[in-house]
Amino acid sequence: MPLVVFTGYPSSGKTQRAHELKKALYDKIELDERKPSFQVVLINDESLGIKKDVYGNATKEKAARATMYSAVGRALNKNTIVLCDGMNYIKGYRYQLYCEAKNTGTSYCVIHCGTPINICREWNCERKSLGYPPDVFEELLMRYEEPNSLAKWDSPLFTVIYSDLSSPVDSIWEILSSKKMIKPNASTIVKPLPSSDYLFELNKITQKIIDTIIENQMNHGSESEIKIDSINKSITLSNNVTLSKLQSIRHRFINLNRIQTSSKSKIQEIFIDFLNSHLNEDIK
């Protein structure tokens, strides 16, 4: 069942909106003539025992995100609507959650709590010891990456203004209860475990393709089509792509496929599809 990702500034009202939505979804389930046997699970820092001060320490924060990500992955199934109520302020992390929903073949949406900074700061102060430490709060404001409805990992996007009486429950329910799922592609489908030399081949083959792109750009310019004759596929470049961006995409692909592997003969094909779908996207 669907994954709903909440995002917003610290102390922007995400948890309150998540609890409101949880209740509203149960009401929708109860009134649905199909009488679906769905349950709604809310996962957040409180439910996982994560303290707010961890966001002031990079190592602890990384561990906290991993804990949240694992909990979401375990909860996703055909009968459960998962509400992921966390900071979720890094768009790369929201992309990972999107991929998790994609792997499961379920629907997905993002709810952005649109609360002005001054009100977030006021609410955080009112919470005293339950709020974020002042220095951590300010750091999180600076690091926040707002969702973009044009990005697939931030879409469908519902922005709920702090003064709104409720979330657009009907529209959200329509998305969540629809049969339209995120279709897994070759780079995210769960596959058999790798052979002993798979990771070596994964690194070697993907690096060779990156080298080919760089060499082609040097010889033929930025706008070109690079044909990979061995598999009859092409890489399309619409502008100059830096080595750092190519390596970033490559590392992301490797991380996704080190435990979700296909046969070695398919690495080139899958990686080229992945490249073509990401070359013109600004994913951090």
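1. First, the ground rules. This is a predicted model, where local features need pLDDT of at least 70, side-chain atom pairs count only at pLDDT 80 or more, and totals for chains, interfaces and linings use all residues. Residues are numbered from 1 along each chain as its sequence is written, and side-chain values use heavy atoms, with hydrogens and water left out.

2. Helix names follow DSSP runs numbered from the N terminus (helices are H or I, at least four residues; strands are E, at least two). The axes of α3 (residues 58-75) and α4 (residues 91-104) come within 10 Å and cross at roughly 20° (axes are lines fitted to C-alpha atoms, for helices over the stretch in contact, and angles run from 0 to 180 degrees between N-to-C directions). That makes α3 roughly parallel to α4 (angles under 35 degrees count as roughly parallel, over 145 as roughly antiparallel, 65 to 115 as roughly perpendicular and the rest as oblique).

3. Now for the residues between these two helices. From α3, Arg 65, Met 68, Tyr 69, Val 72 and Gly 73 meet Tyr 93, Gln 96, Leu 97 and Glu 100 of α4 (contact means heavy atoms within 4.5 Å). This contact has five nonpolar, two polar and two charged residues (Ala, Val, Leu, Ile, Met, Phe, Trp, Tyr, Cys and Pro count as nonpolar, Asp, Glu, Lys and Arg as charged, and the others, Gly among them, as polar).

4. The largest cavity holds about 90 Å³ of space (a volume is the space filled by probe spheres set on the points, which are joined across faces, edges and corners). It is lined by 13 residues, of which Tyr 55, Arg 65, Met 87, Asn 88 and Tyr 93 are the closest to its centre. With four residues, α3 gives the most to this lining. By class, the lining has eight nonpolar, two polar and three charged residues.

5. Most residues other than glycine have a negative phi, and most peptide bonds are trans. Ser 155 and Pro 156 are joined by a cis peptide bond, with omega about -5°. Pro 156 lies in the loop between α6 (134-143) and β5 (157-161).

6. One more helix pair: α8 (residues 198-220) and α10 (residues 267-278) pack at about 50°, with axes 10 Å apart. The two are therefore oblique to each other, and their crossing is right-handed. Among the α8 residues in the contact are Leu 202, Ile 205 and Ile 209, while the α10 residues include Phe 271 and Leu 275. This contact divides into ten nonpolar, two polar and one charged residue.

Key: On a 1 Å grid over the protein atoms alone, a cavity is a set of points where a 1.4 Å probe fits but cannot get out, and a pocket is an open set with protein on both sides within 12 Å along at least five of seven lines; lining residues have an atom within 4 Å of a point. A crossing is left-handed if the near helix is turned anticlockwise from the far one by less than a right angle, and right-handed if clockwise.
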